Amino acid sequence: APIKVTKICCIGAGYVGGPTCAVIALRCPHITVTIVDLNQDRVDAWNSEDFKLPIYEPGLEDVVRQARGRNLFFSTDVDKGIKEADLIFVSVNTPTKKTGVGAGFGADLHYVELATRRIAAVADSSKIVVEKSTVPCRTAESMRTILEANSKNHCRFDILSNPEFLAEGTAISDLFKPDRVLIGSLQTEEGLEACRALADVYANWVPQERILTVGLWSSELSKLAANAMLAQRISSINALSAICEATGANIDEVAHAVGCDSRVGPKFLKASVGFGGSCFQKDILNLVYLSESLHLPEVAAYWRQVVEMNEYQKRRFSKRVVDTLFNTITGKRIAVLGFAFKADTGDTRESASITLIRDFVAERANVHVYDPKVEEEQIWMDLTEAMPQLPAETIKKQVTLCSSALEACKDAEAVVIATEWKEFTLIDWETVYANMKKPAFVFDGRLLVDAKKLKEIGFKVTVIGRGNGL
Ligand code: UDX
Ligand code: UDX
Ligand code: ADP
């Protein structure tokens, strides 16, 4: 008989597992969804009575309010979750390896392996195990080896790859209306049967033609490829922004003209101070590592350049700030608006803002930071990690956290816009100008301000992808 999924367990209550399985629970009231995590604080936050959830994502709270306690549960009892489920998502973190073979490139599969071993150790019935974390090709294969070598009581394990394509800040709408759902399986009878069971779960709200079923390795590679190609567009437009700044061309005009070609398309062509986030850099470096291990050095070099261009873009922007402020920012107050890696998230992983602040601190500026969503504790953690050579007191002496944009800009010599938060488009620039040292500088790393209007107020304005004459 065809497998029918009625109990799902998700291991890992993070940015991917949390929202994804909350939406599955909402859309499939007949399926019980339990999200388990080892981190007690995180689970407590998911369960908190006042819905102070551990991640900020527009629309998420509403989904959790509707489903929690009905058919959506959060728990630290990993073993119970595994035992009861017929389908298990493995959605644990896969950071870039910090030491050993492939350090700085390969993914650290330690957490995936631990979770997989746990499944093998406690399962007493057959399971469909779904790889949901982003991981390099062949992870599913490793998971299969571990499960088969350790299975007890004749348990069957069918492994699927089901990469998640949601973007932070729009996770809930992406999950409600995905461009596609991708499921990879072995092309055996059992593999295809497991694939059908998971496809049936998504079919509760995703149109059939958007559910793509492919081989395991195509599925795994597609996730890396999609992120690499998206990031490549940003690095391409950012490379062009450097030419614009040197020539008087305007990157917005160029991006618009290029994007009008239906073969190119208009999205993901916004020049910026550099892409961030937990996925792009990590996935490209994975692709680089994979290419190298397959003895394809030219392919590795091609993709590596996408990340190098991003580093160059961040460096170039810091340098432009220093150059414009008469070659020194020592002792000067610089306001940095935005610390998250993009708008509508409290996530700071790989945020360009961290690199900028590190550069400003190295130049001994006094940096005043404001972000509408990022927790103060997180900012201190990121900055101390980014500047391991500096004692924490030194960093705290040079960096001040502020509770509004206006407060951050007060008495500053320059304002640097690092994240495209909507509230920064509503800033009262007349007031900011009145409270700043003169000449007052604005550096727009997100093509967010009306440069002409700011110039009329009296600001000296510098914008990514535009020359100094604007
Ligand atoms: C190109 C641009 O498309 C056009 O806008 C510009 O004005 C001139 O340059 P053209 O070189 O005539 O036009 O043909 P195009 O269809 O772009 O193909 C260029 C090459 O890319 C061909 O060799 C084509 O076979 C190849 N190609 C195209 C691929 O290999 N894969 C593709 O997906 C598309
Ligand atoms: C990305 C992918 O979009 C998503 O499909 C995948 O599942 C995870 O990785 P995410 O990192 O959450 O999602 O956000 P995304 O919107 O892709 O932005 C990534 C970075 O690129 C941000 O720093 C953003 O500011 C930057 N960006 C994006 C640009 O600089 N210009 C653009 O045009 C688009
Ligand atoms: P992502 O962005 O990929 O979702 P996160 O770091 O936000 O990554 O979430 C991963 C979660 O997985 C963390 O909350 C972590 O505590 C949890 N986790 C890692 N390993 C295990 C494990 N073996 N069992 C249960 N939870 C785990």
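This is a predicted model: local features need pLDDT of at least 70, side-chain atom pairs count only at pLDDT 80 or more; totals for chains, interfaces and linings use all residues.
## An exposed arginine, and the model as a whole

Arg364 is exposed, because 12 other C-beta atoms lie within 10 Å of its own, and a count of 12 or fewer is what places a residue in that class. The place of Arg364 is in the loop between α13 (352-362) and β10 (366-370), and its phi is near 65 degrees, a positive value in a residue other than glycine.

Buried residues account for 47% of the 470 residues. Of the contacts between residues at least 6 apart in sequence, 74% join residues that are at least 24 apart.

## The parallel sheet

An open sheet is formed by 6 strands in the order β11-β10-β9-β12-β13-β14, and the pairing within it is parallel. β11 (399-401) and β14 (460-463) stand at the edges, where each has a single partner strand, so one side of each is left without a neighbour in the sheet. On average, and with direction ignored, neighbouring strands of this sheet are turned by 20 degrees against each other.

Within the sheet, strand β12 (residues 414-417) pairs with strand β13 (residues 441-444) in the parallel sense, over 4 bridges. Val415 has Val442 of β13 as its bridge partner. In the loop between α17 (429-434) and β13 lies Pro439, which is joined to Lys438 by a cis peptide bond with omega at about -5 degrees.

## A buried strand and its partners

Strand β7 (residues 181-185) is largely enclosed by the rest of the structure, because 5 of its 5 residues are buried. Both of its faces are covered, with Val181, Ile183 and Ser185 buried on one side and Leu182 and Gly184 buried on the other.

β7 has pairings of both senses to describe. With strand β6 (residues 157-161) the pairing is antiparallel, over 2 bridges, and Ser161 stands opposite Gly184 of β7. With strand β8 (residues 211-215) the pairing is parallel, over 5 bridges, and the bridge partner of Ile183 in β8 is Thr213.

## Surroundings of two ligands

Ligand 3 is surrounded by 22 residues, of which the closest are Gly12, Gly14, Tyr15, Val16 and Asn93. Helix α5 (residues 110-122) gives the most to this shell, contributing 4 residues. By kind, the shell around ligand 3 divides into 11 nonpolar, 8 polar and 3 charged residues.

Around ligand 2 there are 19 residues, and those that come nearest are Lys270, Ser272, Phe275, Gly277 and Cys279. The shell around ligand 2 receives the most from helix α9 (residues 216-247), which supplies 3 residues. Its residues divide into 11 nonpolar, 4 polar and 4 charged.

## Gly276 in its loop

Gly276 is placed in the loop between α10 (251-259) and α11 (280-293). Although it belongs to a loop, Gly276 counts as buried, because it has 25 C-beta neighbours inside 10 Å. When its neighbours within four places in sequence are left aside, Gly276 is in contact with Phe341, Lys342, Arg349, Glu350, Ser351 and Ala352. Phe459 stands 183 residues away from Gly276 along the chain, and the C-alpha atoms of these two residues are separated by 28 Å.

## An exposed asparagine

Asn327 lies in the loop between α12 (297-324) and β9 (333-337), where β9 is one of the strands of the open parallel sheet. The phi of Asn327 is near 65 degrees, which is a positive value in a residue other than glycine. Asn327 is exposed, since 9 other C-beta atoms lie within 10 Å. Arg364, with which this report began, is likewise exposed, with 12 other C-beta atoms within 10 Å.

Conventions
Residues are numbered from 1 along each chain as its sequence is written. Chains are lettered from A and ligands numbered from 1 in the order in which they are written. A residue is buried if 20 or more other C-beta atoms lie within 10 Å of its own, exposed if 12 or fewer, and partly exposed in between; C-beta atoms are placed from the backbone. Two residues are in contact if their C-beta atoms, placed from the backbone, lie within 7 Å. Two strands pair if DSSP finds at least two bridges between them. Axes are lines fitted to C-alpha atoms, for helices over the stretch in contact, and angles run from 0 to 180 degrees between N-to-C directions. A residue is near a molecule or strand if its C-beta atom, placed from the backbone, lies within 6 Å of it. Ala, Val, Leu, Ile, Met, Phe, Trp, Tyr, Cys and Pro count as nonpolar, Asp, Glu, Lys and Arg as charged, and the others, Gly among them, as polar.
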